[in-house]
Amino acid sequence: MTDDQTTDRPITVVATFTLKGDAAEFEQLLAEQAELMRAGDGFELGVLARSTTSPDTYVNLAWWRDSQSYLSVVRSYAFAAKAMSELPRLADARIDRFVPTADHGTLLPADGAEQGVLVLAVHAADESAAEQVEAGWAAHTEQLAGQEGFLGAALGRSEVRPGGHGQLGWWRDEAAAAAAPGYRAEGTETLVLRPVHTVSGGTA
């Protein structure tokens, strides 16, 4: 899906940043952007998280009711001014968008889980292998369900990278996340992240 295409399904926007400026200034800028998103219709939740092993890596996640809600905010003058004029000086960005693999599913964390540790696993695969990948992730999620400290997980299909997927796994703490079995599929990149800032939307 290009930036001009829309879907009426819930989407989760995942922006991965590599810091090249001041961390405090970057976090403040992302907090200000989150407030602009919060004011938009269809914004549900935002989490800025920082890697536990690579402090120059941040991930900003935003859950939206649908892609039109997301696009209407990020194309606004106020948001674009901050994103285009200030952000490139502080960090390099890579942006992905995910929709739930289940037709009526959601990628939103369970209540309170967003305060825990996030394990973000991003998988790159050939589009023809999508069903096999999703079956593997589903089996892995069932395996995680019995682990101590597991708060929930959801699998999304990328709308930016054909065949790409992302799993969002939430844990009570870093120790619980570290003890969990990982999904070892070839082409999977995993980040363990601790939330820095969260903001909830005003609409469901």
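The model is predicted, so local features need pLDDT of at least 70 and side-chain atom pairs pLDDT 80 or more, while totals for chains, interfaces and linings use all residues. Residues are numbered from 1 along each chain as its sequence is written, and side-chain values use heavy atoms, without hydrogens or water.

Begin with the strands (DSSP runs of E, at least two residues, numbered from the N terminus; helices are runs of H or I, at least four). Eight of them close into an antiparallel barrel in the order β1-β3-β2-β8-β5-β7-β6-β4; strands pair if DSSP finds at least two bridges between them.

Next, select β6 (residues 150-158) and β7 (residues 165-171), antiparallel strands joined by seven bridges. Here Phe150 stands opposite Trp171 in β7.

Now display Leu193. Leaving aside neighbours within four places in sequence, Leu193 contacts Ala49, Arg50, Ser51, Thr52, Val59, Val117, Leu118 and Leu120.

Finally, turn to the largest pocket, which is lined by 26 residues. A pocket is an open set of points on a 1 Å grid over the protein atoms alone where a 1.4 Å probe fits, with protein on both sides within 12 Å along at least five of seven lines; lining residues have an atom within 4 Å of a point. Select Tyr70, Val74, Phe79, Ala83 and Ile95, which lie nearest the pocket's centre. Strand β4 supplies the largest share of the lining, five residues.

Key. Contact = heavy atoms within 4.5 Å.
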